[in-house]
Amino acid sequence: MTDQHDDGAWHRPLRHVRAADLSGDTGQTSGMTRREAVSARTAGSQRLWMGQTHVAPRTSSGDHHHGDSETAIHVLRGRPVFVFARDGEEVRLATEPGDYVFVPPFTPHREENPTDEEAVVVIARSSQEAIVVNLPGLT
């Protein structure tokens, strides 16, 4: 049995990504801005991507999915609405600060911001890249 501490990975340094250093050089969808924080490129992560999404007031993103990545969303500011299709009908999840949303792999969805305040969410994905597949619709 191999001790997990013998693989040379036991004392790797923590990585600090400052808010001012988040990068917009990542997959994008119309109507929103994604900012990459933790990824293979920024922090050397191997199985995780994390960042922020900003949706301006009275704006909707384009329809999209994130490939085979699971996505977890934490609402920081605003009241974004997450829209997906079930049985050919749109389903709307209205959220508020502190809420979480889980987006399964390959699930088409969009973010809407029906308010006068910018919506900001933190995104974590089960891949080290921000997979974004923009779509012409939810179905």
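Is R110 buried or exposed? I looked this up first. R110 is buried, at a relative accessible area of 11%. Here buried means under 20% relative accessible area, exposed means over 50%, and partly exposed lies in between (1.4 Å probe, protein chains only).

**Ground rules.** I noted that this is a predicted model, where local features need pLDDT of at least 70, side-chain atom pairs count only at pLDDT 80 or more, and totals for chains, interfaces and linings use all residues. Residues are numbered from 1 along each chain as its sequence is written, and side-chain values use heavy atoms, with hydrogens and water left out.

**Entry on salt bridges.** I looked up the total. The structure holds eight salt bridges. Each one is a side-chain nitrogen of Lys or Arg within 4 Å of a carboxyl oxygen of Asp or Glu.

I then went back to R110. Its side chain meets that of D63 in a salt bridge, at 3.0 Å from N to O. D63 sits in the loop between β3 (59–60) and β4 (64–65), while R110 belongs to strand β9 (residues 109–113), so this pair ties together parts 47 residues apart in sequence. Strands are DSSP runs of E, at least two residues long, numbered from the N terminus. D63 is buried too, with a relative accessible area of 12%.

R110 has another partner. It forms a salt bridge with E112, and the closest N and O atoms are 2.8 Å apart.

Next I checked E112. It also forms a salt bridge with R92, with the closest N and O atoms 2.6 Å apart. R92 lies in strand β7 (residues 89–94) and E112 in strand β9, so the pair ties together parts that are 20 residues apart in sequence. I compared their surroundings. E112 is buried, at 11% relative accessible area. R92 counts as partly exposed, at 46%.

Which residues are linked in a network of salt bridges? I found D63, E90, R92, R110 and E112.

**Entry on strand β10.** How many of the seven residues of strand β10 are buried? I found six in β10 (residues 119–125), so this strand is largely enclosed by the rest of the structure.

I looked up its neighbours. Two strands pair if DSSP finds at least two bridges between them. Strand β2 (residues 49–55) pairs with β10 in the antiparallel sense, over seven bridges. In that pairing I picked out Q52, whose bridge partner in β10 is V122. Strand β5 (residues 71–77) also runs antiparallel to β10, and six bridges join them. For T71, the bridge partner in β10 is R125.

Notes
Helices (H or I, at least four residues) and strands (E, at least two) are DSSP runs, numbered from the N terminus.
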